[in-house]
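Notebook open, structure on screen.

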Amino acid sequence: MSYELDPLPYDYDALEPHISEQVLTWHHDTHHQGYVNGWNTAEETLAENRENGEFDSSAGAIRSVTHNSSGHILHDLFWQNMSPEGGDEPSGALADRIAEDFGSYEAWKGEFEAAGGNASGWALLVYDTFSNQLRNVVVDKHDQGAIWGGHPILALDVWEHSYYYDYGPARGDFIEAFFNVVDWEEPSARYEQAVELFE
């Protein structure tokens, strides 16, 4: 199968002033497209190697699949969990579970911001299927530090390409701005999907 880059679910300028049209254009059309291209190329290499029965380049291609597929999946989630209608706190079942597993929304948010401030890649809210609870995780380079069985609920890209043009080295300002565009509809649906699958 060949992977494709879906269009953004909103206009490129829809998240301004929090995330600029220029950043979304570069980030989506060039950077994210690169992960899609890398995944497809690696899959082609693996298919050719299987057909030819020669596997000298397979280890590198497998590593490329891991890296590029993770980059594609997390970027897709990142775009989906933002919108110009965002900025509210979660509600319903997800809000209740955040309060149960973290003590309060404020406690969860403080911990998530700490993860984002420390990550070399991503801060994620995941449903941990091993312990059946929500957990914040720091994921470096798309795949390092991920929890096995972690079902992503909310993703924040803190690679420099996602904020440096708008905020310079002030990553904390970007993380704060992210909460002005978080749309909890998608994360809530992903949470309900996880509960249905794993509880």
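Predicted model: local features only at pLDDT ≥ 70, side-chain atom pairs only at ≥ 80, totals over all residues.

**Entry 1**

Then I looked up which residues of H3 (residues 92–102) are buried, and got Leu94, Arg97, Ile98 and Phe102. Viewed down the H3 axis, these buried residues fall within an arc of 105 degrees, so they line one face of the helix. I jotted down the background too: an α-helix has 3.6 residues a turn, so residues three or four places apart point the same way.

**Entry 2: H3 against H7**

Next I took the axes of H3 and H7. They come within 8 Å and cross at roughly 75 degrees. Angles of 65 to 115 degrees count as roughly perpendicular, and that makes H3 roughly perpendicular to H7. From H3, the contact uses Ala93, Leu94 and Arg97, and from H7 it uses Pro187, Ser188, Tyr191 and Val195. Sorted by class, I have five nonpolar residues, one polar and one charged in this contact of H3 with H7. Leu94 and Arg97 are also on my list of buried H3 residues.

**Entry 3: H4 against H6**

How do H4 and H6 cross? Their axes come within 10 Å, and the angle is roughly 140 degrees, with H6 covering residues 171–178. H4 and H6 are therefore oblique to each other. The handedness I noted is right-handed for H4 passing H6.

For the residues involved, Phe112, Glu113, Gly116, Gly117 and Asn118 on the H4 side meet Arg171, Ile175 and Phe178 on the H6 side. By class, the contact of H4 with H6 comes to three nonpolar, three polar and two charged residues.

**Entry 4: the buried face of H6**

Staying with H6, I listed its buried residues: Arg171, Phe174, Ile175, Ala177 and Phe178. Down the H6 axis they fall within an arc of 160 degrees, so they line one face of the helix. I then asked what they pack against, and found helix H2 (58–80), H4, E3 and helix H5 (164–167). Arg171, Ile175 and Phe178 are the H6 residues I had already written down as meeting H4.

Which peptide bond here did I mark as cis? It is the one from Glu16 to Pro17, with omega near 5 degrees. Pro17 is found in the segment before helix H1 (21–52).

The other spot is Asn132, which has a positive phi of about 50 degrees although it is not a glycine. Asn132 lies in the loop between E1 and E2. Is Asn132 buried, exposed or partly exposed? It is partly exposed, at a relative accessible area of 31%.

I looked up Tyr10, which lies in the segment before H1. Tyr10 counts as buried at 11% relative accessibility, since the cut-off for buried is under 20%. Setting aside neighbours within four places in sequence, Tyr10 is in contact with Leu15, Leu24, Trp79, Met82, Ser83 and Pro84. As a distance check I took Gly168, 158 residues from Tyr10 along the chain, and the two C-alpha atoms are separated by 25 Å.

Asn49 lies in helix H1, and with a relative accessible area of 9% Asn49 is buried. Not counting residues up to four places away in sequence, Asn49 touches Glu54, Phe55, Ser57 and Ser58.

Last one: Ala59, placed in helix H2. At 58% relative accessibility, Ala59 counts as exposed, because the line for exposed is over 50%. I also checked Ala59 against Leu46, 13 residues apart along the chain, and their C-alpha atoms are separated by 9.1 Å.

Conventions: Residues numbered from 1 in each chain as written. Heavy atoms only, no water. Buried < 20%, exposed > 50% of the residue type's maximum accessible area, 1.4 Å probe, protein only. Helix = DSSP H or I, 4+ residues; strand = E, 2+ residues; numbered from the N terminus. Arc of directions from axis to C-beta. Axes fitted to C-alpha atoms, helices over the stretch in contact; angles between N-to-C directions. Parallel < 35°, antiparallel > 145°, perpendicular 65-115°, else oblique. Left-handed = near helix turned anticlockwise from the far one by under 90°. Contact = heavy atoms within 4.5 Å. Nonpolar A, V, L, I, M, F, W, Y, C, P; charged D, E, K, R; others polar.
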